[in-house]
Amino acid sequence: MKQPWLEEEYCNAVAVVGMAGRFCKAPDLETFWHNLCAGFEAARRLTSEELEASGCNRAYASHPAFVPVCAQMEDVDKFDAPFFGLSTGEALDMDPQLRLMLETSWHALEQAGYAPDRLENGSVRVGVFAGAAPSSYWLCNVGPNAFNNTGTAFHKAAIVNGQDFLSSWISYKFGFTGPSLNIQTACSTGLVLVASACQHLLDFSCDVALAATASVINPRGWGYVAESGGILSPDGHCRPFDAAASGTLPGEGAGAVVLKRLEDALMAGDRIEAIIRGYGVSNDGSRRAGFGAPSAEGQAIALRLAQTMAGVESRDIGYVEAHGTGTYLGDPIEIAGLSKVFDQRESACPIGSLKGNLGHLGNAAGMASLLKVILMLRHGHIPPTINFRSLNPALQMDTTRFRIACENEPWTGTAPRLAGVSAFGFGGTNCHLVVEETPVWARDAAVYRASDLRPQCMDIVTEEEREPDTVLMFSAPNAEGLERCLALWGEYLLSNPGLSLGEVAWNLRHGRSLFPCRCALAGNDRISMARTLLERKGKASTDAAEGLYTGHTPHGGALVLVLEKGVSAGQAEEIASFLVRSAVAPLLVLVGDEENISLVRPVRDILPDSCQIVHGCEKEDIPSLPGLSQGAVPVLLRAVPAGDTRVELFAERETPGDLVTRFPVLGKHASLLPGGRGNELVLRMTGDEPLPLAALCAALFAAGLNPVLARNSARRLALPLYPFARISYWLSLRQDTDTGDMTSAGEKSEGSADPEEESSPEELVLNIWRAAFELPELGLDDDFYALGGSSMTAVEILTEVESVFGLRVSMNTFNSIRTARQLLEVLNRMAEEV
């Protein structure tokens with residue numbers, strides 16, 4: 001078989017295998033693409049009532065050059081802090097740009113078909129490359145309060161806002177150990193960090209690279225001042241390359257891409273969104289009018305480097321996504337730089353810019369342009385550059401070589417399509433990428449399946465849709481997240497008749513992270529499975545449905561297989577073989593009667609050596625289980641002969657957590673019920689019916705085990721992404737409406753308690769604990785780590801403890817403390833020893 005990726009032209013190629021983005025009026029990339037094709041413009045004019053409600057002061061709004069226009073995203077205050085193990089205090093202080101990068105990075109990895117927390121292994125290292133502008137949230141919202149706090153409190157706020165820590169936060173939360181670098185080159189950051197990620201992949205410094213960036217503007221909804229000679233538009237519109245162009249305006253957005261070496265992506269069967277063939281990075285040096293002025297020659301160098309690395313000529317490029325700021329100086333110089341590189345050609349190369357749509361996204365501008373180009377390559381379509389009416393004569397553009405793409409048009413030409421993407425930073429750092437559509441031979445290796453979430457009418461189940469029983473496994477950190485997942489997936493299954501349930505099942509199990517709150521659904525009918533998920537909405541977790549299993553297992557489970565009297569050797573072998581194939585082999589096998597000793601040998605031959613087999617055991621207590629992870633509970637799989645109606649529980653109780661563990665009858669074969677030290681699955685064996693393997697797999701997953709599914713050539717699919725909770729975390733800006741002096745509203749308690757107040761030690765400790773997490777309802781037994789506690793939280797608590805009690809608790813001692821009650825016990829012992 002011919003392998004084009006091994007040829008010289010692809011020796012430096014990097015595959016984009018996952019991507020995600022959020023922009024104004026576009027919470028996902030599907031909506032982003034729709035908006036681009038529809039000619040959407042984010043800029044909107046603010047009313048006087050909106051300006052007053054946003055707190056915009058009169059002095060600012062009365063400036064003669066004030067423009068009451070903004071192009072900001074919605075819900076930038078919303079964040080799923082519990083999902084990332086962050087406390088309320090950390091989330092309130094955290095730069096919204098970092099919050100967006102965390103969520104967008106997670107979605108990009110999910111879209112690539114990889115579970116972020118299980119991506120790294122002994123042979124794979126993930127690098128993180130991130131960048132954003134200095135946090136305006138820190139300057140406007142957090143800072144006024146943080147500068148009045150103690151050293152520890154200030155430091156805590158600073159590390160969730162500093163540019164130095166962006167990539168490290170992602171690496172820390174996702175468990176990545178590869179290079180973790182912050183890139184700061186102003187407006188070219190979004191592309192330079194992608195180029196840097198590509199270089200580290202080609203250097204084999206990492207095997208997967210995640211590049212992420214975001215831009216958020218504070219204060220919210222204020223408009224801006226367009227001073228004469230500046231880059232901001234005085235009329236509130238950005239008009240790239242147009243004769244009426246007078247500047248740009250601030251925009252917002254976030255984006256992330258997942259990158260792999262092309263050969264590695266093909267070998268892994270990844271879905272490839274596009275291929276980065278080459279990249280070039282340069283600086284303008286001193287060849288310009290001033291530090292902030294661009295240079296045509298410096299930009300041309302970046303273009304030449306990228307095309308040379310890609311092994312292409314300028315005539316091969318079918319589209320250029322320009323930096324295109326719509327400024328007096330920037331657009332003419334950019335066209336001059338392109339003219340130095342692009343030769344005469346048979347037809348003019350279309351040029352476009354999305355800054356007319358979104359404004360200038362600052363550090364995230366290059367990433368937005370790259371995402372636009374990848375979507376263009378996918379759809380074979382060129383969206384319009386909006387606000388263009390007539391060509392700016394200052395461009396002096398050779399219309400035989402270039403034209404402005406100002407209308408929706410199909411992308412015609414010889415395949416594979418190639419595009420150039422430019423981003424030029426204030427200060428002179430330029431970057432250009434050459435991006436290629438996924439070639440046919442790459443699509444054949446890993447076929448792309450689009451994820452279309454738009455409803456389609458399809459209520460008839462045809463024979464082609466029916467498949468062997470499979471199991472769809474869903475999980476979330478909490479009950480609310482699981483309910484959101486099930487509702488989303490119910491709609492998705494109902495609206496997509498072309499799905500292969502087997503492929504979906506494999507992607508859900510092996511391409512998504514596994515969490516404590518679980519639900520699994522066994523079946524083979526897409527529509528009935530969809531309706532089962534949708535019918536759960538608003539119902540109690542204990543409502544049963546055929547083939548549906550839910551559970552909450554914070555620390556996982558360990559399987560114990562119980563073979564009752566009357567189970568044949570063949571049946572025992574069938575169960576054991578299934579468990580081994582599913583990678584959930586039991587730690588212990590109990591043979592319930594001396595007469596069943598004949599089962600031991602065939603089962604032992606199948607199960608791993610680490611499995612203990614005990615026969616003649618009639619105890620109610622389970623023997624100690626070697627290899628049982630801390631906190632994991634046993635899951636009993638009890639095989640009983642047909643006609644045995646016993647369902648014995650060690651002790652009746654409900655499992656802890658948001659969801660009550662309840663498992664309905666497994667068809668006519670089994671049921672899983674809450675047990676004393678774990679969960680019990682009763683599997684009634686019959687000689688004439690096959691084992692209900694899909695249902696058994698679903699029940700085991702819900703009970704806390706992680707059965708694997710055979711891939712069977714399943715492709716990595718673009719499936720619905722985790723629906724993050726939309727919880728508001730925002731420190732309001734408070735200011736004098738006349739002078740504009742700013743402070744942070746709702747100053748947070750530092751957690752200190754007045755020693756002169758008649759408070760008990762228990763109240764004092766609890767107040768310190770609550771203040772550290774900024775959760776006034778916390779109790780004595782709430783877990784430090786479950787609340788998202790970190791080393792900085794611990795330092796804050798211990799500092800306050802010493803201030804209030806005069807007792808110094810070492811960090812060594814605190815490492816064994818998980819609750820306020822345990823801290824109180826330690827303090828009581830220390831007080832007795834004094």
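**Exercise 1. Which residues have the most contacts inside the largest nonpolar core?**

Start with the ground rules. The model is predicted: local features need pLDDT of at least 70, side-chain atom pairs count only at pLDDT 80 or more, and totals for chains, interfaces and linings use all residues. Numbering runs from 1 along each chain as its sequence is written, and side-chain values use heavy atoms, leaving out hydrogens and water.

Step 1. Define the core: buried Ala, Val, Leu, Ile, Met, Phe, Trp, Tyr and Cys residues joined through side-chain atoms within 4.5 Å. Buried means under 20% relative accessible area, exposed over 50%, partly exposed in between (1.4 Å probe, protein chains only).

Step 2. Read off the residues: Phe 32, Val 194, Val 257 and Leu 259, in a core of 192 residues.

Step 3. Find the top contributor. Helix H14 (residues 365–379) gives the most, with 10 residues. Helices (H or I, at least four residues) and strands (E, at least two) are DSSP runs, numbered from the N terminus.

**Exercise 2. Work out how helix H17 is covered.**

Step 1. Count: eight of the 10 residues in H17 (501–510) are buried. They include Trp 506 and Arg 509.

Step 2. Name the cover. It includes strand E19 (470–476), helix H16 (479–495) and helix H18 (526–535).

**Exercise 3. Is Arg 512 buried or exposed?**

Step 1. Locate Arg 512: the loop between H17 and strand E20 (517–523).

Step 2. Arg 512 counts as buried because its relative accessibility is 10%.

Step 3. List neighbours. Arg 512 touches Glu 110, Asn 507 and Tyr 722, among others.

Definitions and conventions
Contact means heavy atoms within 4.5 Å. Lists of a residue's contacts leave out its neighbours within four places in sequence.
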